[in-house]
Amino acid sequence: MPQLAYVNGRILPLSAASLHIEDRGTQFGDAVYEVCAVMNGRILDWQPHVVRLRRNLAELGISLGIADGPLGLQARRLIAANGHSECIIYIQVSRGTAKRDHAFPNAAPANLVMTVRRFDFAQRLRQLNSGVGVITRPDNRWGRVDIKTTGLLANVLAKQAAREAGAFEAWMVDGDTVREGSSTNAWIITNGRIITHPTGPHILPGIARDSLIRLALGAQMVVEERPFTLAEALAADEAFLTSTTAPILPIVTIDGARVGSGKPGPVTARLAELTWNEVARQTGWRG
Ligand code: PDD
């Protein structure tokens, strides 16, 4: 079956799907996006993703000419048409196609595209046993990384550096402060306290992050939303990361130095249990 994509109301083969070369997403990174996990054919946390998309569109003054209900229907239609029960759906909205000019065009409708890719979530369950390594990079991104724009060059370079170092992720460090990973939120655990950077302009408010906080609080665990330093992370008992494509993964090394025992720890394991139970509750997927 050919892969199918959605472009402004039409579903067509991915190989034939395109936007005009003067799409503002291409020329200016003037676009926002979402990535949602689909397991058992069901979209995880759809509502929070839509809320975040709407917030980002509002922040940038992009008007998307499709309401939430039809957007969800089109997303589900594309998922069904592709026929994968475990996949990710990528949703991108740009300010539209217009003659290149930095200022907003007057009457360009937004461009909405969606793609679906098969995704092996079971590998994330296997990685719970081994954990992953991260490296650190200076956070040289712009000042509003809470807006999920396609302007991801700093993130791309950081992730490539991680790849070349044999690490899973690069933590973006600003001065002494660990902000987040290039495509994941960052967490440490010290004396049973679960610590992550607060929301605001310096991190993306991850949907997986939000979900984990809710689950941890519901299990009477202690969560502190506050900045933490790299030194604190190196001295922490445990560390982990969260994102749509890696709902929770233990971090066992930072720049090659062991975190805690150098093995995935018990608090992360408990949080992973809560996370995957929630996935099963929402989607019925159990690995
Ligand atoms: N990345 N921080 C950054 C910089 C991100 O790009 C992401 C998501 C996250 C985690 O957010 P969430 O829990 O909503 O996935 C944190 C997506 C998956 C991506 O760009 O592919």
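## Briefing on the predicted fold

Asn191 is exposed, with a relative accessible area of 69%; exposed means over 50%, buried under 20%, and partly exposed in between, computed with a 1.4 Å probe on protein chains only. The structure is a predicted model in which local features need pLDDT of at least 70 and side-chain atom pairs count only at pLDDT 80 or more, while totals for chains, interfaces and linings use all residues. Residues are numbered from 1 along each chain as its sequence is written, and side-chain values use heavy atoms, with hydrogens and water left out. The protein contains eight helices and 16 strands; these are DSSP runs numbered from the N terminus, with at least four residues (H or I) for a helix and at least two (E) for a strand.

**Overall dimensions and packing**

- The radius of gyration of the protein is 19 Å, in agreement with the value near 19 Å for a compact globule of 287 residues; the radius is taken over C-alpha atoms, and the globule rule is 2.2 Å times the number of residues to the power 0.38.
- The C-alpha trace of the protein spans about 55 × 40 × 35 Å along its principal axes.
- Of the 287 residues in the protein, 51% are buried.
- Among contacts between residues at least 6 apart in sequence, 71% join residues at least 24 apart, where contact means heavy atoms within 4.5 Å.

**Surface and charge**

- Side chains in the protein include 31 positive and 26 negative ones, and the centres of the two sets lie 6 Å apart. Lys and Arg count as positive, and Asp and Glu as negative, without His or the chain ends; each charge is placed at NZ of Lys, CZ of Arg, CG of Asp or CD of Glu.

**Aromatic pairs**

- Six aromatic pairs are found in a search of the whole structure. Rings of Phe, Tyr and Trp (its six-membered ring) pair if their centres lie within 6.5 Å, with planes under 30 degrees apart counted as stacked, over 60 as edge-to-face and the rest as tilted.
- Trp276 and Trp285 form a tilted pair, with 5.6 Å from centre to centre and 50° between the planes.
- Trp276 counts as buried because its relative accessible area is 10%, and Trp285 because its relative accessibility is 9%.
- Phe119, Phe121, Trp276 and Trp285 are linked by ring pairs into a cluster.

**Buried positions and their contacts**

- Gly96 lies in the loop between strand 5 (87-94) and strand 6 (111-118), and at 0% relative accessibility this glycine is buried.
- Apart from residues up to four places away in sequence, Gly96 touches Glu22, Asp23, Arg24, Ala108, Pro109, Ala110 and Asn111.
- Ser182 is located in the loop between strand 9 (177-181) and strand 10 (185-190); at 8% relative accessibility, Ser182 is buried.
- Neighbours within four places in sequence aside, the contacts of Ser182 are Asn155, Ala158, Lys159, Glu169, Ala170 and Met172.
- Leu60 belongs to helix 2 (residues 46-60) and is buried, with a relative accessible area of 18%.
- When residues up to four places away in sequence are not counted, Leu60 touches Val32, Arg95, Phe104, Ile147 and Thr149.

**Separations in sequence and space**

- Leu60 and Asp30 are 30 residues apart along the chain, and their C-alpha atoms are separated by 8.6 Å.
- Gly96 and Leu215 are 119 residues apart in sequence, with 38 Å between their C-alpha atoms.
- Asn277 and Ala158 are 119 residues apart along the chain, with a C-alpha separation of 32 Å.
- Asn277 is part of helix 8 (residues 266-283) and is partly exposed, at 46% relative accessibility.

- Asn8, a residue other than glycine, has a positive phi near 45°. The position of Asn8 is in the loop between strand 1 (4-7) and strand 2 (10-13), and Asn8 is partly exposed, with a relative accessible area of 39%.
- Asn191, a residue other than glycine, has a positive phi near 50°. Asn191 sits in the loop between strand 10 and strand 11 (193-196).
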